[in-house]
Amino acid sequence: MDTVPKEVPIPASGSPASAEDATTRPSAPLQYRVVAKCGVTKARVGVMSVRHADVDTPVFMPVGTQGTLKGVLPEQLLALDCRIMLGNTYHLGMRPGTTVLEKAGGLHRFMGWPRALLTDSGGFQMVSLLQLAEITEQGVRFQSPYDGSECMLTPERSMEIQNAIGADIMMQLDDVVKTTTTGPRVEEAMHRTIRWLDRSIGAHARDTEQSIFPIVQGGLQPDLRRACAAELTKRNTRGFAVGGLSGGESKDEFWRTVHLCTDLLPEDKPRYLMGVGFAADLVVCVALGIDMFDCVFPTRTARFGCALTRAGQINLKQRTFAQDMRPIEDDCDCSTCRTYTRAYLHHIVTVEPVACSIVSVHNVAFQLRLMGDMRDAIQEGRFPAFVKSYMAVRFPDDTVPQWIRDALAAVNVQL
């Protein structure tokens, strides 16, 4: 069963927690323990305790790039029992900037979010904003998409911004290349990521309150992934991430890289797969041993009128839903499914701004419920059966993609 969420008062940025909450905080800023393992696959259930919450894993983390989840209020996330969400260092460093964040007492206070936060380092913007960026050993020189001004994001500056944000978990600045890149640039980026980790650790000013996760890079080359993981695990960090995937590679290359990386990373620390959020991918990657996921997909697809179900995504704009008086999902207890019909949502999606919020609440609830269902299945010793049942619903009539069959077979689940 899931643990009860722990919430503590939010100390101002840079100040110690008060004496009265000291007994409820972990002695280290992040403690992780495995509470159950699947006897067939590499799936496991854990509890990751940070300053602001006990986070049950495997977990999906909604993305609030600018300090807000598009269309969803913090209190709505609390009602869904969301324990952790994301912010983005690059965007928050540009706007509102560290001066405002420090004056507000950190991002928790600024946005009114009492539970855990993880911040991306800004490295992904090397790919997504490549036309605006120049990458050197010093760091990444960006042209602001807001006002056109130039700024340099170094490992040290990324840490400075993330220390001001006050996130419970911070990502190192890594050298990110497009997944399908080949040649010497991939190895260069891998080695630079290791050097930038050491600079990040040296610049981290709040190690008693915040934890750095290194990021395993190396493209689709197993030898580079092994070399990177071997170096990163020599550093005394409290968790690890797998980066550089979901960027155009084949699904076969994707799962094989994930499978390799989870074999290379420590058993006693959380493993975070960055930027993955499709439901079938979550199920497969939990089986492969991943503990943490994030993606903008649930809220982004909601803005286009699409809702998530166990049988797959449905497009509420389609006329087939014009007189459908069912909720999005019959067995979902989110506020959207308790209140609104598919017909009503068909009437307002992509037309009324509130529709984005209504569908986003369901889509986030769907992701969180899927993770909870997997945690329960692992703890009850029925995870392989859960995987088979899920795939039968998601891909009826024996249409499961071959990559999923191969990935699950690698961890002893035959579909």
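**Aromatic rings and their surroundings**

Modeller: In this predicted model, the charged end of R394 sits over the ring of F395, with 4.6 Å between that charged end and the ring centre. A second contact of this kind involves K251, whose charged end sits over the ring of F254 at 5.0 Å from the ring centre.

Contacts between one ring and another come next. The structure holds five aromatic pairs. One of them joins Y340 and Y344, a stacked pair with 5.3 Å from centre to centre and 15° between the planes. Y340 has a relative accessibility of 29%; buried means under 20% and exposed means over 50%, so Y340 counts as partly exposed. Y344, at 35% relative accessibility, also falls between those limits and therefore counts as partly exposed.

F386 and Y390 form another stacked pair, 6.5 Å centre to centre, with 20° between the planes. Both residues belong to helix α15, which covers residues 383–394. Within α15, F386 and Y390 are four residues apart, about one turn of the helix. F386 is buried, and Y390 is buried as well. Ring pairs also bring in F383, so that F383, F386 and Y390 are linked into a cluster. R394, whose charged end sits over the ring of F395, falls at the end of the range 383–394 given for α15.

Two packed helices are described by the angle between their axes and the distance between the axes. Helix α9 spans residues 251–264, and helix α8 spans residues 222–232. The axes of α8 and α9 come within 10 Å and cross at roughly 25°. Angles under 35 degrees count as roughly parallel, and α8 and α9 are therefore roughly parallel to each other. The crossing in which α8 passes α9 is right-handed.

Strand β1, residues 30–37, pairs with strand β2, residues 44–50, in the antiparallel sense, and seven bridges connect them. A hairpin of six residues joins β1 to β2. A36 has V45 of β2 as its bridge partner. In a regular strand the side chains alternate between the two faces of the sheet.

To return to the rings, the stacked pair of Y340 and Y344 consists of residues that count as partly exposed, whereas F386 and Y390 are both buried.

Conventions: Residues numbered from 1 in each chain as written. Predicted model: local features only at pLDDT ≥ 70, side-chain atom pairs only at ≥ 80, totals over all residues. Heavy atoms only, no water. Pairing = 2+ DSSP bridges. Helix = DSSP H or I, 4+ residues; strand = E, 2+ residues; numbered from the N terminus. Phe/Tyr/Trp six-rings, centres within 6.5 Å; stacked < 30°, edge-to-face > 60°. Buried < 20%, exposed > 50% of the residue type's maximum accessible area, 1.4 Å probe, protein only. Lys NZ or Arg CZ within 6 Å of the ring centre and 35° of its normal. Axes fitted to C-alpha atoms, helices over the stretch in contact; angles between N-to-C directions. Parallel < 35°, antiparallel > 145°, perpendicular 65-115°, else oblique. Left-handed = near helix turned anticlockwise from the far one by under 90°.
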